[in-house]
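Welcome! Here is a friendly briefing for anyone meeting this structure for the first time.

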2 protein chains.
Amino acid sequence: MSKSIKLAILGLGTVGTGVINLINDNLAELKRRSGRDIIITEVGTRRQRDDIDPTIMQNSDLMAIAASDNVDIVIEVIGGTTLAKDIITHAIKHGKHVVTANKALLAEHGNEIFALAEAHNVHVAYEAAVAGGIPIIKVMREALAANKIDWLAGIINGTGNFIMTEMRDTGRPFADVLAEAQALGYAEADPTFDVEGIDAAHKLALLASIAFGMPLQFDKVYCEGITEITLQDVNYAEQLGYRIKHVGFAVRRTNAEGEEGIELRVHPTLIPQNALLANVNGVKNAVLVNSHPLGQTLYYGDGAGAGATASAVMADVMDLVRVLGCERSDSNAQSNTDAYSQKGQIGHHVPHLSFMPEQLSNTPILRAEQMITGYYLRVHAYDNPGVLADITRILSDAGINIDAILQKPAHKVGQVPVIILTLPVVESQMNLAIEKIQNLAAVTDKVVRIRLDELA
Amino acid sequence: MSKSIKLAILGLGTVGTGVINLINDNLAELKRRSGRDIIITEVGTRRQRDDIDPTIMQNSDLMAIAASDNVDIVIEVIGGTTLAKDIITHAIKHGKHVVTANKALLAEHGNEIFALAEAHNVHVAYEAAVAGGIPIIKVMREALAANKIDWLAGIINGTGNFIMTEMRDTGRPFADVLAEAQALGYAEADPTFDVEGIDAAHKLALLASIAFGMPLQFDKVYCEGITEITLQDVNYAEQLGYRIKHVGFAVRRTNAEGEEGIELRVHPTLIPQNALLANVNGVKNAVLVNSHPLGQTLYYGDGAGAGATASAVMADVMDLVRVLGCERSDSNAQSNTDAYSQKGQIGHHVPHLSFMPEQLSNTPILRAEQMITGYYLRVHAYDNPGVLADITRILSDAGINIDAILQKPAHKVGQVPVIILTLPVVESQMNLAIEKIQNLAAVTDKVVRIRLDELA
């Protein structure tokens, strides 16, 4: 067996422990698949741990580990965007490959980190950063490498999906279900990151860059949370054959002049009940990708948790292990592993963002008002003759096509909810129409709007 | 831009033409992702074609193309197991990498072909051979490389799935729907390969080898077709919360002595209605993989067709392109592409069957009688008191646990169908029990048995 691969694990929380457990459980499989010994040489942990194999060096100085001669690959699983950034930068500068699960760090500082890695001829692998154990990064960068990607739609936050699933299945309101998610450990004490879609936006920024070949632009993701979703709308959606999910979309649009623009948006969305994506329940994740010439493919699994994340982290390690020391023939093996040891050379040419760095495009990200989606509208109005005519007239005047109307029995005396589904429309047009509807004398409450996508 | 990559496409049927179209449509994306020029230099076709770019050499001598100095990668899409084998062998011996969609050839002769490729330091890539455009080979070989795979279940034949879907959705019997599938071009004039599960068994053999790390053993796949499935059973299954699909299973079993055995089987199967796999409809394919520590992941998309197959073929090409000439640094690029040109050297160490060739195991494939599955039984009996007691007593004596019983109204005078779902049981025990049930005086027709899997 050729040279061993030495891993450092920085951070011994859920994920770091998961990686250690995976290696213990599956070492035979790892060796049979890689033909190499895989050894954890160092772990970074604030306090000395008794439950770690004594042959593994424990060190609270993470920067020292990142530069250690006894480490080939640095696995960063401490999270956060400050210390983690320093450590990764340090590791790259010392010629180490890096494997990270840190979506926030990459979404916000990935351009800089990847450029540094390119300059130092090392790889920063990040399968675990998006959709946990689902190999969506590998799929999009490699398996779909011959396709032109038109759009993708992903349920990429397990907490949000758990809440939407439970609201529908149990008929309990958002606040109740959120409290349950917190009790179960699915949601943080401060759930903002999940329920406002920020976590999903981090992941979407990564997916969009590798889909369309453009720099990371997390700050341009339009983001709408699920906190305002009511049971009323969940139920009306079901009656109309749809289901409300919190979905991240990255869509390539071409306007009449042939100019391309990209929509990056995370928002509650009505999707058809019979779509596979609508049947992704609980904390599960899935990503649906539409590309040419392949068409639609979907990837489903656990988006979080120790096992799933460790699986993705170690898939990245296996990628690196299998390509370190490029040549298979014995005559070359020695010189290659030496070359690797000296300067962290990597054979595999898959670029960090799937496209060659010099080929990344500056395709503009569209503003919210330029985005095109279908809509679900709920309008509460006095049950006057003519109200429905007024509403449909406003929509028609704005060039908005109605796909379905559902008029429900009054739930307050004399007031009826009118539900309208529209075909896709530019948001700025919809904004104007909603303003006019809102101003109708018979309309009593704020018009509720939720986007709708047929995923077709 | 560094050295161009020269492709030969052998066979200009649906898939070959699909590959040409993909390259024409997406050349900009291919270049942006690979940093290389990708050129079709030669195509193999029996008769001269007018619709091919005149800069591409057309040649009816496929063996000559496979050995041509003007070709880096040979794409074999002629199909069949005779000429295709000669061509691939010839190409390998001339140091060419090979990309093929030929599941039958690999399932039956893959051990020999992969060994030859290893000896000549080239790669035979075959993503398109299983589940069309779904990147299941890459996923299992690379993305799940750190997992121990417990089992997989796949809908891996589109024709069969179309038939099962239509029978349920339209209430038409097998023969009708088969005729429609033939009219639509989904099924061949001789549909044996699809409806008897042979095509699925080819693919399952490949999936199982890369899942468990063992040589290809197509001849040991247990195979049962869908020709006997009746609407009656489709409907009873639905009433019980299940759906009948034609599924390929590869399952790792460990007996009480800790000895491992593998089940390889393709057969009609009741699976839970609410499972994503049960909602894979029409000609679509999907593979569900259960692995440790990742858990269940599912991969869904088009299992056939020009676009999907071309996508998988060209993903393999992109893998080869991205790793040909291992080093990225300019100083090394020249020597590496030279080394490649001279002897087809490949950097990427992912073994053909995912595990290192010398690490493939001889885990035994279990005989049908040793396999363990749940069962759906349909017993027609005279409506005598005591018949149900007799049947359940026989099952209970055989140690078979009943999960559900459904007694339907008589459909012939005095005769009732009794539907029984069982928990998993060793097939040999079920055989004995069914023999006894069949011999009951009150039982009128042949007992119908269909396997059942909870996918849990």
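What follows is a short tour, from overall layout down to single residues.

This is a predicted model, in which local features need pLDDT of at least 70, side-chain atom pairs count only at pLDDT 80 or more, and totals for chains, interfaces and linings use all residues. Residues are numbered from 1 along each chain as its sequence is written, while chains are lettered from A and ligands numbered from 1 in the order in which they are written.

**Chain A as a whole**

- Chain A has 14 helices and 16 strands; helices (H or I, at least four residues) and strands (E, at least two) are DSSP runs, numbered from the N terminus.
- The C-alpha trace of chain A spans about 85 × 50 × 35 Å along its principal axes.
- Of the 456 residues of chain A, 54% count as buried. A residue is buried if 20 or more other C-beta atoms lie within 10 Å of its own, exposed if 12 or fewer, and partly exposed in between, with C-beta atoms placed from the backbone.

**Domains of chain A**

- Chain A is divided into domain 1 (2–133 + 306–359), domain 2 (136–300) and domain 3 (368–452); these bounds come from an automatic or database domain assignment.
- Between domain 1 and domain 2 of chain A, the C-alpha centres lie 29 Å apart.
- In chain A, 18 residues of domain 1 are in contact with 21 residues of domain 2, where contact means that the C-beta atoms of two residues, placed from the backbone, lie within 7 Å.
- On the side of domain 1 of chain A that touches domain 2 of chain A, 10 residues are nonpolar, five polar and three charged. Here Ala, Val, Leu, Ile, Met, Phe, Trp, Tyr, Cys and Pro count as nonpolar, Asp, Glu, Lys and Arg as charged, and the others, Gly among them, as polar.

**Where the two chains meet**

- How many residues of chain B are in contact with chain A? There are 57, and they meet 57 residues of chain A.
- Helix 11 of chain B gives the most to the side of chain B that touches chain A, with 10 residues.
- By class, the side of chain B that touches chain A has 24 nonpolar, 21 polar and 12 charged residues.
- Strand 12 (residues 295–302) of chain A pairs with strand 12 of chain B in the antiparallel sense over three bridges; two strands pair if DSSP finds at least two bridges between them.
- Within strand 12 of chain B, B:Tyr300 is the bridge partner of A:Leu298.

**Helix 7 of chain A**

- In helix 7 (residues 174–184) of chain A, the residues A:Val177, A:Leu178 and A:Ala181 are buried.
- The buried residues of helix 7 of chain A pack against helix 6 (158–170) and helix 8 (192–195) of chain A.
- On the face of helix 7 of chain A turned away from its buried side are the exposed residues A:Ala175 and A:Ala183.

**Strand 13 of chain B**

- Eight of the 11 residues of strand 13 (residues 372–382) of chain B are buried, so this strand is mostly covered.
- Strand 13 of chain B runs antiparallel to strand 15 (residues 415–426) of chain B, joined by 10 bridges; B:Val418 in strand 15 of chain B is the bridge partner of B:Val379.
- Strand 13 of chain B also pairs with strand 16 (residues 448–452) of chain B, in the antiparallel sense over five bridges.

**Backbone details to look for**

- Most residues other than glycine have a negative phi, and most peptide bonds are trans.
- A cis peptide bond joins A:His292 and A:Pro293, with omega about 10°.
- The peptide bond from B:His292 to B:Pro293 is cis, with omega near 5°.
- B:Ser354 has a positive phi of about 75° although it is not a glycine, and B:Ser354 is buried, with 23 other C-beta atoms within 10 Å.
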